[in-house]
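Subject: Handover of a structure, with notes on what was found

Dear colleague,

Please find below the sequence and structure that I am handing over to you. My notes follow, and I would ask you to read them with the structure open.

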Amino acid sequence: MITLGIKDQHTFLDEVNKKSGCNILECYQCGKCSGTCPVSMYMDITPRQVMQFIKLGMKDEVLVANTSWFCLTCAACSGRCPRQIDIPRVMETIRHIAIEENVSSKSKKVKDIRKFHDIFLDMVRRYGRGYELRLMAEFNIRTRNYFKDMLLAPPALLKGKIKLFPARMKTAKAIKRMFAMAKKLEEQPK
Amino acid sequence: MARVGVFVCFCGANIADFVDVNEVVEETKKIKDVKFAINYKYMCSDPGQGLIKQAIIENKLTSVVVAACSPRMHEKTFRRAISEAGLNPFLLEIANIREHSSWVHQKDKKSATAKSCDLVRMAVAKSIANEQLHEISVPVTKRALVIGGGIAGIQAALDIADAHIPVVLVEKSPSIGGRMAQLDETFPTLDCSQCILTPRMVDVATHPYIELIPYSEVIGLDGYVGNYKVQIKKKASYVNFSSCTGCGACSQKCPVKVPNEFNLGHDKRKAIYSPFPQAVPNKPVIDAEHCLMLTKGKCGICKKTCEKGSIDYDMKDEIIEREVGAVVVATGYELYDASPYEEYGVGRFKDVISSLEFERMVSASGPTNGTPIRPSDGEIPKNVVFIKCVGSRDEAKGIEYCSKICCMYTAKHAMLLHHKVHDSHAFIFYMDIRAAGKGYEEFVKRAQVETAATYLRGRVSKIYQKGKKLIVRGEDAQIGQIVEVEADLVVLATAVMAQKDNPDLARRLGISYDKYGFLSEAHPKLRPVETSKAGIFLAGCTQAPKDIPDTVSQASACAAKVCGLFASDTMKKDPMISHIVQENCTGCQNCIRVCPYTAIVTEEIPIAPRSTEMRTVAKVNEGVCQGCGSCVAVCRSFAATLSGFTDKQIINEILAI
Amino acid sequence: MKKLTYFPGCSAHGTSEEFDHTLKLVMKSLEVELDEIPDWNCCGATSAHVMTENLALALPLRNLILAEALHNDSMGIACASCYARHKVTKYELDKDPVLAKKINTTIDEGTYHGTVEVKSMLQFVYEEIGIEKIKSLVKKPLTGLKVACYYGCLLTRPKAITQFDSPEYPMSMDRIMEALGATAVPFDFKTECCGASFSISSSDVVLSLSGKILEYAKASGADMIVVACPLCQSNLDMRQPGVEKLFHVKLNLPVMYFTQLLALAFGYDQKDLMLGKHIVPVEEALAKIGKEPEKKEEIKSKKTVESEEAK
């Protein structure tokens with residue numbers, strides 16, 4: 001049960017509105033987004049429900065839900081939203097707030113997804129370009145799913161779909177520097 | 001010698017709380033020409049007015065200033081009061097010390113009071129230069145024009161004609177009847193639409209006071225209230241209506257088949273055709289774009305068949321004129337073209353149709369004799385999905401507003417479907433259910449219970465094909481789950497839109513329209529049937545989406561307005577209008593160019609009193625001029641002047657500050 | 001000779017080598033010179049924008065700056081995801097010069113001026129080359145081949161940013177295929193998401209989403225699916241055996257790049273198309289070219305991805 005009218009309800013709404021550039025108050029809960037979303041069936045709360053949760057100030061539930069992490073940024077929802085709300089942008093904002101405030105979901109799925117992204121970015125930082133073999137291997141190790149896609153790897157390697165050795169950039173240092181500077185920008189007060 | 005009386009109102013607390021009304025009176029008494037100044041609690045009340053009248057008589061006042069609320073409120077009241085005391089009503093000036101002072105400067109009493117004194121001083125100075133003006137009388141042509149022969153136009157025409165006022169009813173299509181003729185049954189009574197409409201149509205055709213001009217359009221309107229001249233284009237029908245008996249033999253023999261607009265393309269009509277069996281007048285017209293004789297010079301079967309010799313291929317469009325005193329615009333609506341909803345497969349899937357197409361299908365006189373079928377294969381649908389708000393309430397693909405009638409007619413469609421196909425199942429996707437009229441909520445409940453329709457709250461996300469079925473996918477927001485309906489037929493409740501040529505018509509008539517193309521009423525709350533132009537009224541969906549009861553009410557309201565306008569032989573008009581001092585006029589015609597009401601015309605006058613040589617000057621048509629002052633602003637020769645706002649009056653005001 | 005700045009992207013030398021290779025063959029026939037950006041970097045794909053704000057813009061920005069140095073009007077990008085990242089970055093930074101300056105501080109290679117247009121390869125071929133030119137170069141028409149054109153999410157969405165074709169039912173690839181002589185079947189799932197970046201981190205989602213697309217394409221009567229995105233190709237092709245296994249269905253639906261079919265129609269030999277890279281073999285489908293249309297196969301099994309998933 002939720003009790004309203006006892007604390008400030010709109011702080012989270014204002015934060016999401018400001019950071020995303022959207023106005024969630026315009027959502028009239030038609031549900032077209034949820035029906036459109038290809039992965040809404042995997043979500044704890046559907047995109048439409050997320051909007052209502054935000055309006056009700058239920059920040060914790062929104063940050064902990066797997067919804068924003070399952071969002072594929074396919075932009076099918078915003079293309080159909082009759083109130084023209086940029087829903088992928090709202091999902092992105094929720095993810096960034098969750099990272100900033102160090103909120104993690106209990107769901108293993110979400111943990112796996114976040115691990116994947118961390119590994120991917122680490123790969124880019126090191127090599128400046130993709131290195132799928134390492135990406136897949138490190139992911140399997142870190143998620144303790146050692147034999148995942150085991151049967152895929154040999155034919156993929158043989159066909160040259162994934163390479164044994166990483167592609168190299170001449171100025172890979174520029175990328176390392178970029179990462180460091182970008183991190184500094186994140187740490188600056190907004 | 002000017003003797004001005006000033007009357008300052010407390011207006012209860014509205015003015016007195018924020019302006020020192022005593023100080024205003026004291027300061028005003030210091031003005032040279034003010035011979036009497038007083039304040040009072042409620043100047044507009046009977047005792048207040050009595051005060052003014054008494055003061056005028058006792059002090060032989062030559063003009064009056066009332067310092068109170070906006071002239072929009074009580075200018076009329078005070079004008080009447082002073083005229084009862086023997087003063088010309090236009091020797092009144094109002095200093096608005098409420099809206100212009102007390103209401104907007106509530107935090108600074110000192111400054112508000114000083115400003116009020118300034119406003120009074122300006123009004124006093126102006127009033128000294130006020131001239132005696134007299135209301136103008138314009139003659140009235142007691143005939144009304146009704147544009148549009150749907151239920152709105154029909155109702156307005158009948159009401160006006162019943163008051164023994166002649167009516168000219170112009171209709172664009174070959175028959176009157178409009179949208180109501182296309183409906184099967186109407187909510188909430190489920191009356192047969194044609195059955196309740198056709199008697200009215202016959203009344204129109206037989207009414208001694210109605211001149212019905214079908215298959216015609218209004219192409220121009222000149223003049224002013226009580227004195228309009230309308231130009232009507234009678235489109236060539238190629239059929240002589242006076243000799244034609246409406247036997248229909250010509251249509252039977254015609255070899256050309258064309259998609260039938262009345263049935264939205266679901267069946268065919270002939271090139272010579274009458275739109276529907278109960279058409280009024282029941283005379284066919286020839287569609288010039290498709291007739292073989294008119295396009296290629298071949299065929300000619302209809303002429304050979306006609307026993308009365310009514311076919312005339314040489315007929316031309318004809319322009320006729322009528323003089324009328326008032327106009328009722330009742331041109332109706334069209335439906336939203338749902339092509340932007342690509343996710344619904346509009347245009348790609350034959351079995352995704354609009355609500356009006358469904359309505360035609362369930363009508364006994366429709367393309368399928370009243371049986372709903374799937375356009376793709378002709379089979380009878382069992383699962384029918386109705387989607388509301390297609391185009392409505394949709395800023396992205398359609399229009400922002402709600403179309404008002406779709407919730408009700410969708411419930412009706414569920415009922416009709418249930419009556420026609422007993423083992424059918426209706427699925428209705430909705431955002432809200434708006435049933436605000438009399439008997440409406442009860443009707444929706446009836447639909448829900450009698451048809452066992454499944455109401456699903458959520459906008460449909462996508463429709464895709466699976467074999468012969470259409471899969472309709474959306475979220476049911478009530479249970480928070482995605483649902484997919486295997487549908488045989490999908491009916492879209494498309495938005496009610498203004499006719500595409502409404503802006504054109506509005507320009508021809510000289511009235512305004514809104515961003516959606518709906519014609520604008522003078523005030524949304526208190527003047528819903530009048531327009532910005534005196535003598536032109538609006539009825540029905542041309543003004544905004546509405547159902548039949550509201551349309552009929554609005555039409556009757558227009559009729560009442562027209563009858564009121566025609567109650568006397570002449571009409572009184574506000575004299576604060578423009579005049580041209582012709583001695584000063586150089587004939588540059590700038591005023592004519594800027595006048596938004598086309599109220600100024602040219603006139604030839606002799607260059608000198610007894611000369612035969614003529615020159616061109618401007619002349620204001622008193623009946624049309626609305627006193628906007630645009631001509632005064634552009635006139636370089638001080639020829640144009642506005643009564644009630646002459647240069648002298650305004651300069652006096654400015655100098656008084 | 002038209003010049004087009006070219007951003008290959010990480011998959012060009014790996015998972016989508018056949019796309020890159022046949023693209024180059026096609027460009028040769030179209031007389032377009034590809035000017036590859038020297039020492040380009042990974043655009044960050046999905047992970048960068050999901051996890052970061054500034055880095056997500058910085059990675060593509062570096063490539064945009066390097067592209068400007070080549071002084072061509074437009075930059076063509078083969079991978080739909082890389083295209084989306086660069087296009088969004090350009091859109092955001094053109095709108096907000098203060099933000100552009102801020103992100104620029106992370107990059108040494110130069111200053112951003114916004115002078116290069118960003119286009120997907122599909123857009124470039126459809127808009128700048130055009131159907132008539134393509135028709136004129138066809139030497140071996142693909143008559144008899146029925147294709148389902150799959151666009152995925154990022155080539156035409158979001159509409160305000162891509163400003164190309166329809167976000168719901170695009171037809172550019174369909175028209176190109178028809179110009180080559182193939183038949184593009186009506187395909188309602190052409191813009192449904194394949195599961196994209198969940199390929200590794202959430203493979204079951206990809207199997208479900210891609211499975212539905214494959215099944216629908218097959219039901220629409222297609223011999224193969226044609227794509228313009230390496231991730232879509234990977235999900236639909238590499239994961240197809242997984243789909244077949246999990247949902248007990250038989251699909252056998254090859255997935256080819258539109259550039260491979262362009263190259264084939266322009267006269268290149270099958271062995272030039274790197275057909276060996278495909279997991280689901282393409283030869284059977286290609287054999288249909290130039291043959292009489294077959295009678296429709298009876299669908300023996302009632303099992304579908306959805307019915308299996310519901311279990």
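At roughly what angle do the axes of helix α3 (residues 54-68) of chain C and helix α5 (residues 97-104) of chain C cross? Please note before looking that this is a predicted model. The two axes cross at roughly 85 degrees and come within 9 Å of each other. Angles of 65 to 115 degrees count as roughly perpendicular, and α3(C) and α5(C) are therefore roughly perpendicular to each other. On the side of α3(C), the residues that meet the partner helix are C:Asn54, C:Leu57, C:Ala58, C:Leu61 and C:Ile65. They meet C:Leu99, C:Ala100, C:Lys102, C:Ile103 and C:Asn104 in α5(C). By class, this contact of α3(C) with α5(C) holds seven nonpolar residues, two polar ones and one charged one.

A pair of helices in chain A may be described in the same terms. In general, two packed helices are described by the angle between their axes and the distance between the axes. For helix α8 (residues 108-127) of chain A and helix α9 (residues 132-142) of chain A, the axes come within 10 Å and the crossing angle is roughly 140 degrees. That angle makes α8(A) oblique to α9(A). The crossing of α8(A) past α9(A) is right-handed. From α8(A), the contact includes A:Phe116, A:Ile119, A:Phe120 and A:Met123, and also A:Asp112 and A:Lys115. From α9(A), the contact is made by A:Arg134, A:Leu135, A:Glu138, A:Phe139 and A:Arg142. Sorted by class, the contact of α8(A) with α9(A) has seven nonpolar and seven charged residues, and no polar ones.

I turn next to the sheets of chain B. In general, the strands of a sheet pair through backbone hydrogen bonds, either parallel or antiparallel.

One open sheet of chain B has four strands in the order β2-β1-β3-β4, with parallel pairing. Why is one side of β2 (34-40) and of β4 (92-96) of chain B left without a neighbour in the sheet? Both strands stand at the edges and each has a single partner strand, so one side of each has no neighbour there. On average, neighbouring strands of this sheet are turned by 15 degrees against each other, direction ignored. Within the sheet, strand β1 (residues 4-9) and strand β3 (residues 63-68) of chain B pair in the parallel sense over five bridges. B:Val8 has B:Ala67 in β3(B) as its bridge partner.

Helix α1 (residues 21-29) of chain B lies across β1 and β2 of chain B and runs at about 175 degrees to β2(B). Helix α2 (residues 46-59) of chain B lies across β1, β2 and β3 of chain B, and its angle to β2(B) is about 165 degrees.

Another open sheet of chain B has three strands in the order β24-β25-β26, and here the pairing is antiparallel. The edges are taken by β24 (460-466) and β26 of chain B, each with a single partner strand, so one side of each is left without a neighbour in the sheet. Neighbouring strands are turned by 25 degrees against each other on average, direction ignored. Six bridges join β24(B) to β25(B), and B:Ile463 has B:Val472 in β25(B) as its bridge partner. Strand β25 (residues 469-476) and strand β26 (residues 481-487) of chain B pair over seven bridges, with B:Ile471 opposite B:Glu486 in β26(B). β25(B) and β26(B) form a hairpin with four residues between them, and B:Gly480 in the turn has a positive phi of about 65 degrees.

Most residues other than glycine have a negative phi, and most peptide bonds are trans. A:Gln84, which is not a glycine, has a positive phi of about 55 degrees and is found in the loop between α6 (76-80) and α7 (87-100) of chain A. The peptide bond from B:Val280 to B:Pro281 is cis, with omega near -5 degrees. Another cis peptide bond joins C:Arg157 and C:Pro158, where omega is about -10 degrees.

Yours sincerely,
A colleague

Notes: Residues are numbered from 1 along each chain as its sequence is written. Chains are lettered from A and ligands numbered from 1 in the order in which they are written. This is a predicted model: local features need pLDDT of at least 70, side-chain atom pairs count only at pLDDT 80 or more; totals for chains, interfaces and linings use all residues. Side-chain values use heavy atoms; hydrogens and water are left out. Axes are lines fitted to C-alpha atoms, for helices over the stretch in contact, and angles run from 0 to 180 degrees between N-to-C directions. Helices (H or I, at least four residues) and strands (E, at least two) are DSSP runs, numbered from the N terminus. Angles under 35 degrees count as roughly parallel, over 145 as roughly antiparallel, 65 to 115 as roughly perpendicular and the rest as oblique. A crossing is left-handed if the near helix is turned anticlockwise from the far one by less than a right angle, and right-handed if clockwise. Contact means heavy atoms within 4.5 Å. Ala, Val, Leu, Ile, Met, Phe, Trp, Tyr, Cys and Pro count as nonpolar, Asp, Glu, Lys and Arg as charged, and the others, Gly among them, as polar. Two strands pair if DSSP finds at least two bridges between them.
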